[in-house]
Amino acid sequence: MQTESTVVYTPTTQYEAVIGLEVHCQLLTQSKMFAADANAFGADPNTQVSVITLAHPGALPKANRVAVDYAVRMGIACGCEITRRNVFARKNYFYPDLPKGYQLSQDKGPICVGGGILVKARDFDGVVRDTTIQLHHIHLEEDAGKSIHDADPAATCLDYNRAGTPLIEMVTEPCLRSADEAGQFLTEVRRLVRYLGICDGNMEEGSLRCDVNVSIRPRGATELGTKVEVKNLNSIRNVQRAIDSEFSRQVAVTEAGGRLIQETRTFDAATGQTLGMREKESMNDYRYFPDPDLMPVVISDEWLAEIRTRMPALPRERYLKFTNQYGLPEYDAALLTDTRELADFYEAVCHETPNFKAASNWVMGPLKAQLTERMTRENQFPVSASALASLIRLIDDGTVSQTAAQTIFGLMVDQPDASPAELATANGLLQNRNTDALQSLIDQTLAAWPDKVEQYRKGKKNLLGLFVGEVMKKSKGSADPKLVNQLVVKTLG
């Protein structure tokens, strides 16, 4: 269904592009969509198949309730209307890695209808704006197997482990305006499915895949052009490259007087070009009809309400909370809401300290640096949120300096059972706030610089930093710099 055009401006053409996306997300269920076979990535070929997956005679499928639950979660997150009575149909087509000869999918009544996803994308003037990418629907289906072309030089090998894996397919309206919008949309889809815990979003493993539909027409025209589908793009960058490449190809064919055909193409990442695979099937070719072995799945009011109660706070909701309630800059809020784990950790720190900006700085800086250095996932933080909040409180009340806190943080990573206060005390990192001791150091410093003292008293006030720095050196960094500053000013008169 194509209802709206999207414009791609280039300096050499007078064409606009109509772009839509179909995004497939493998669901993180323990078993497959219609069988009890294990649903796990990386197993030996053809070890996760059963008579149901292979459609042996008499084998009866049964819908996976958790997969339905996950699809509804995504629909709620996208503001979709949830279809209550869901029927699965047989989509008939031959392909070697489709062992049944048909795919169980949804035809007339997708589980989620409408809705959209808000993204920040760059417009034609280079300005980043909020744009809602409208969804046509989200439907449930099962995945096909996998053809492996490089395992045997003389044959194509088939691995049916993936066959039957539950998928949601998200179909957008053709309302994307650029390759940048497509990239931002996919980034937000990946963030959403990870927040919801329904898909790991790993495009390199094929658990998140994207097909792109592109057509062109003269700019300002209303009649739609011939749509071409580019299949199975495995990275966000390649989606963007494929859109730009296919748009340019269609313009070149049209301007040369050629005729575009409705076809399926693939994208060669090495050359940056799309290549023809086959002519595109029409909907009639699939011969959809309701599967006679599957009862309709009815989502009751109680089931839908229970799913809603388990919905986590989503990225946009948290972004607004971090900017409005916590007063963070937009940059901080965007980074902290990038993953659910990071947002959870930051909020846990904020529950124990009111210094929200300091918490943001520590999480975005030293904490993320540790994760990168250790190459650990963001659910394996090297320090607890409570311990980090304790360290921030030590800085705020003047117990330790910012410099000492960096050292203490490193000690916390290596000694997670010790509190920041214990580590500061044991390693001599407490700030010296003894005014008598500090006054002695100040007197020694000023006595050593009589000419500078005279210059200061004659109006050269920028020498204050010199005096404070010398006192800090004498204290080996243990002095409270604010207190030192106050005492030096008072002593100089």
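Trainee: Which residues do ring pairs link into a cluster?

Mentor: Phe322, Tyr326, Tyr346 and Phe356. The model is predicted: local features need pLDDT of at least 70, side-chain atom pairs count only at pLDDT 80 or more, and totals for chains, interfaces and linings use all residues. Residues are numbered from 1 along each chain as its sequence is written, and side-chain values use heavy atoms, with hydrogens and water left out.

Trainee: How many aromatic pairs does the structure hold?

Mentor: Ten. Rings of Phe, Tyr and Trp (its six-membered ring) pair if their centres lie within 6.5 Å; planes under 30 degrees apart are stacked, over 60 edge-to-face, the rest tilted.

Trainee: Why is the pair of Tyr326 and Tyr346 called edge-to-face?

Mentor: The ring centres are 5.9 Å apart and the planes stand at 70°, so the pair is edge-to-face.

Trainee: What makes Tyr326 count as buried?

Mentor: Buried means under 20% relative accessible area, exposed over 50%, partly exposed in between (1.4 Å probe, protein chains only). Tyr326 has 9%, so Tyr326 is buried. Tyr346 has 0%, so Tyr346 is buried too.

Trainee: Why is the pair of Tyr456 and Phe467 edge-to-face?

Mentor: Their centres lie 6.2 Å apart and their planes are at 70°, so the pair is edge-to-face. Tyr456 is buried at 6%, and Phe467 at 1%.

Trainee: Which residue lies over the face of Tyr456?

Mentor: Lys461, at 4.3 Å from the ring centre. The rule asks for NZ of Lys or CZ of Arg within 6 Å of the ring centre and within 35 degrees of the ring normal. Lys91 lies over the face of Tyr286, at 4.5 Å.
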